[in-house]
Amino acid sequence: MDNHVMNTYSRFDLTLVSGHGPWVTDDKGDEYLDFVSGIAVNCLGHAAPAIVKTIEEQAKKLIHVSNLYWNEPQIQLAGMLAERSGLDRVFFNNSGTEANETALKIARKYGYVKGSGSKNKIICMHDSFHGRSMGALTVTSQEKYRAPFRPLIGEVYDAVFNDLDSVRALMDENVCAVILEPVQGESGILPATAEFMAGVRELCDQYDALLIFDEVQCGMGRSGQLFAYQTYGVLPDICTTAKALGGGFPIGAVIANDRAAEHFVPGDHGCTFGGNPLACACGVTVMEELFDNGVLDNVNAMSAYLFEKLEALKASYPEKINLVRGMGLLVGVQMKEGYKSGVQAGALANKLLLAGAGNEVIRFLPPLNVTKEEIDAAVARFEAAVAAAEKAE
Ligand SMILES: Cc1ncc(COP(=O)(O)O)c(C=O)c1O
């Protein structure tokens with residue numbers, strides 16, 4: 001078949017046509033157990049009845065009106081996110097990248113108002129991932145992503161994740177923001193330490209800089225709390241979210257406290273599709289499922305079960321599995337060098353979808369309403385792949 005899609009992804013040779021819960025079916029009729037969930041997006045599984053119902057009902061009422069007017073789902077979702085996050089105000093857009101781009105602009109505006117023209121430095125962390133637009137890419141401290149696209153935006157400085165001294169060395173009164181993922185996702189599911197989170201908060205307070213937590217991957221219940229920072233008891237000034245927020249429907253959001261948001265005023269930013277009633281209605285449904293229908297409790301119960309099973313597997317295959325780490329249902333299995341690609345291919349052959357990450361890690365990202373039986377099935381398929389994997393030369 002002629003294919004005119006631009007060649008920007010390395011894809012598996014698999015065309016998916018339908019799904020239900022954690023299962024997807026390809027165009028040949030083969031069924032796969034999907035522990036990728038659209039990369040931490042489909043938090044309620046495929047064709048989730050609550051999301052399907054919301055989309056049907058809301059589409060019949062109103063899909064889009066622009067931000068020249070108010071719409072009810074937008075106000076409702078903003079209220080729910082503010083109440084549950086401990087922050088005050090929400091700006092909606094369509095993706096994680098856009099949410100981070102917005103957060104960087106809020107920070108620059110804050111510095112512009114507070115500083116004497118030079119409070120514009122932003123500190124980010126090595127091995128971070130915040131998206132591919134020019135601002136989000138600049139704070140993504142991985143050379144393989146940055147190199148072909150220089151010059152990037154200015155005044156961005158790289159610190160070392162979980163190394164408070166490296167942040168302290170870069171801090172001064174010209175810093176307007178520090179951005180970090182409480183659990184680094186793309187580079188291998190690496191949680192921040194409690195000392196690092198608390199220490200960066202303190203430094204931001206000391207130098208009047210905004211603390212931005214990117215919770216695009218680890219947020220919306222995946223960590224076992226609505227936002228991973230709630231596990232640490234450290235509140236940011238700005239939190240970005242997307243991926244699971246719409247249960248599969250595209251939506252992103254920036255949640256900020258009044259201190260950060262008050263200077264972001266008409267004319268500073270905009271987003272045509274941002275906060276449309278259809279996307280926001282999906283967000284409301286996700287919040288209801290998390291808090292009113294037991295999904296968040298399920299994350300914590302199933303997390304303990306998945307970790308237990310994967311730790312047992314590690315004990316059985318110490319020559320192939322290095323460690324298991326993560327938080328909630330954001331779980332990484334770090335393979336010993338040379339095994340990752342073989343295990344991933346083996347998982348696919350065993351009809352299990354798993355995502356890779358940096359640093360030899362394979363990610364488990366099941367839907368947040370996953371059951372014990374589905375975890376059993378996934379771990380059995382994963383074990384078959386691990387058992388068969390040969391070390392690549
Ligand atoms: C932590 C984090 N931030 C930002 C992004 C970019 O989000 P999006 O692909 O929705 O633009 C991602 C995507 O993987 C992510 O994991």
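The request above is answered below in one connected account.

Analyst: The structure is a predicted model, in which local features need pLDDT of at least 70 and side-chain atom pairs count only at pLDDT 80 or more, while totals for chains, interfaces and linings use all residues. Residues are numbered from 1 along each chain as its sequence is written.

The open sheet is formed by seven strands in the order S4-S12-S11-S10-S7-S5-S6, with mixed pairing. Its edge strands are S4 (89-93) and S6 (156-159), each of which pairs on one side only. Strands here are DSSP runs of E with at least two residues and helices are runs of H or I with at least four residues, both numbered from the N terminus; two strands pair if DSSP finds at least two bridges between them. On average, neighbouring strands of this sheet are turned by 20° against each other, direction ignored. Such angles run from 0 to 180 degrees between N-to-C directions, and axes are lines fitted to C-alpha atoms, for helices over the stretch in contact.

Within the sheet, S11 (residues 238-241) and S12 (residues 252-256) pair in the antiparallel sense over four bridges. Ile 238 has Ala 256 in S12 as its bridge partner. Helix H4 packs on the sheet and touches S4, S5 (121-125), S7 (175-180), S10 (210-214), S11 and S12; contact between two residues requires their C-beta atoms, placed from the backbone, to lie within 7 Å. The direction of H4 makes about 30° with that of S12.

Helix H4 (residues 96-114) also gives the most to the shell around the ligand, with three residues. Of the 15 residues around the ligand, Ser 95, Gly 96, Thr 97, Val 216 and Gln 217 come nearest; a residue is near a molecule or strand if its C-beta atom, placed from the backbone, lies within 6 Å of it. By class, this shell has four nonpolar, eight polar and three charged residues. Ala, Val, Leu, Ile, Met, Phe, Trp, Tyr, Cys and Pro count as nonpolar, Asp, Glu, Lys and Arg as charged, and the others, Gly among them, as polar.

Ile 189 has a positive phi of about 55° although it is not a glycine, and Ile 189 is found in the loop between S8 (183-184) and S9 (190-191).
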